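Dear colleague,

Please find below the structure that I am handing over to you, together with its sequence. My notes on what was found in it follow directly after.

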Amino acid sequence: MSLEDRTIIITGGTSGIGEGCTRHFAELGAKVVTSSIQRKVGKEVQQELRAAGHDVTFLYADVRNEEEIVALIEKTIDLHGRIDGVCSNAGTWIEGTVEDFDDGQWDLVMGVNVRGNFLLAKHVVPVFREQGEGVMLITTSTAAYVGFPAHALYCASKAALVALIRCLTKDHGGYMRCVGICPGTIDTPMLAASAEGFDQPLDELYAEVAEKIPVKRLGTPVDVAKAAAFLLSDDAGFVAGSSVFLEGGTLALPPW
Ligand SMILES: NC(=O)c1ccc[n+]([C@@H]2O[C@H](COP(=O)([O-])OP(=O)(O)OC[C@H]3O[C@@H](n4cnc5c(N)ncnc54)[C@H](O)[C@@H]3O)[C@@H](O)[C@H]2O)c1
């Protein structure tokens with residue numbers, strides 16, 4: 001498996017899973033364009049990885065903004081001449097049942113998680129068609145398959161992506177592979193934020209959660225990055241349209 005000299009765009013690439021992908025793909029020799037709305041952190045990650053000899057560029061882009069998505073794609077092509085893979089990973093989360101949300105929350109969660117992926121796909125498909133090849137990974141979640149308590153908006157947004165992955169595969173499968181990455185409980189800033197409502201120290205809470213996961217630990221960003229690297233590589237050439245679960249066996253548990 002190799003990503004040597006492959007040009008890979010990562011959205012949400014400066015925190016958690018996306019940062020893990022940025023670091024791992026760079027170590028595998030990819031030309032990484034990492035992107036997010038964290039300008040300061042992005043520049044720091046770029047500086048650190050370039051100093052270590054890696055080909056990493058940070059570009060600011062809010063995935064809800066079509067002009068910024070277009071600029072991200074155009075600047076990547078200006079820099080590297082092509083795009084081999086896109087790791088569409090930016091995501092956001094708001095807690096609440098269906099009675100709690102307002103229009104602003106709907107626009108935020110659906111805007112980042114669903115519209116952001118539509119916009120990225122809309123503008124990367126023509127590039128892949130022109131090249132005759134390309135891979136788009138979309139980060140969904142086990143939340144697409146399980147009703148997480150008080151996560152109605154988030155779960156609905158992630159389930160929409162499972163359908164989008166199938167449609168991209170049906171409509172464009174001749175020249176691009178689209179595959180879902182479906183993480184379970186991964187130790188990231190987003191997970192820590194979701195734990196803030198619990199009246200318990202984080203390490204205690206994580207230890208309890210880990211005990212419930214069949215492999216007895218939380219996932220790490222590197223766990224996801226290693227799978228993503230495989231899915232981006234030619235070794236995964238027959239994987240398309242499905243979502244790959246990285247959840248330590250959680251979905252194998254019986255419902256009682
Ligand atoms: N951590 C988990 O347990 C878990 C589980 C399942 C799925 N996921 C999904 O994995 C992805 C990464 O999550 P994480 O846990 O690493 O979260 P994180 O909060 O650590 O990172 C999220 C990244 O997305 C970026 N982002 C947020 N809004 C953006 C926007 N409008 N435009 C561009 N970038 C934006 C942030 O800047 C950040 O870099 C998300 O799609 C999330 O839903 C996470």
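**The ligand and its surroundings**

In this predicted model, a polar atom in the side chain of Gln 38 sits 2.7 Å from an oxygen atom of the ligand. The backbone also takes part: a polar backbone atom of Asn 89 is 2.9 Å from an oxygen atom of the ligand. For Gly 184, a backbone N or O atom is found 3.1 Å from an oxygen atom of the ligand. How much of the ligand does the protein bury? On its own the ligand exposes 820 Å², and 92% of that is buried by the protein.

In total, 28 residues surround the ligand, and the closest are Ser 15, Ile 17, Gln 38, Tyr 154 and Thr 188. Three helices, α1 (16–27), α5 (152–172) and α6 (189–194), each contribute at least two residues to the shell.

**Cavity and pocket**

I also wish to draw your attention to the spaces within the protein. The count gives one cavity of 30 Å³ or more. The largest cavity has a volume of about 40 Å³. Its lining consists of Ile 94, Glu 95, Gly 96, Thr 97, Asp 100, Phe 101, Gln 105, Ala 152 and Leu 153. Of the residues in this lining, four are nonpolar, three are polar and two are charged.

The second largest pocket has a volume of about 240 Å³. This pocket is lined by 16 residues, and those nearest its centre are Glu 133, Gly 134, Val 135, Arg 177 and Asp 234. How does the lining of the second largest pocket divide into nonpolar, polar and charged residues? There are five nonpolar, five polar and six charged residues in the lining of this pocket.

Yours sincerely

Note on methods
Residues are numbered from 1 along each chain as its sequence is written. This is a predicted model: local features need pLDDT of at least 70, side-chain atom pairs count only at pLDDT 80 or more; totals for chains, interfaces and linings use all residues. Side-chain values use heavy atoms; hydrogens and water are left out. A residue is near a molecule or strand if one of its heavy atoms lies within 4 Å of it. A polar contact is a pair of N or O atoms within 3.5 Å; within protein, one must be able to donate a hydrogen and the other to accept it, and residues adjacent in sequence count only if both atoms are side-chain atoms. Accessible areas come from the Shrake-Rupley method with a 1.4 Å probe; for residues, only the protein chains shown count as cover. Helices (H or I, at least four residues) and strands (E, at least two) are DSSP runs, numbered from the N terminus. On a 1 Å grid over the protein atoms alone, a cavity is a set of points where a 1.4 Å probe fits but cannot get out, and a pocket is an open set with protein on both sides within 12 Å along at least five of seven lines; lining residues have an atom within 4 Å of a point. Grid points are joined across faces, edges and corners, and a volume is the space filled by probe spheres set on the points. Ala, Val, Leu, Ile, Met, Phe, Trp, Tyr, Cys and Pro count as nonpolar, Asp, Glu, Lys and Arg as charged, and the others, Gly among them, as polar.
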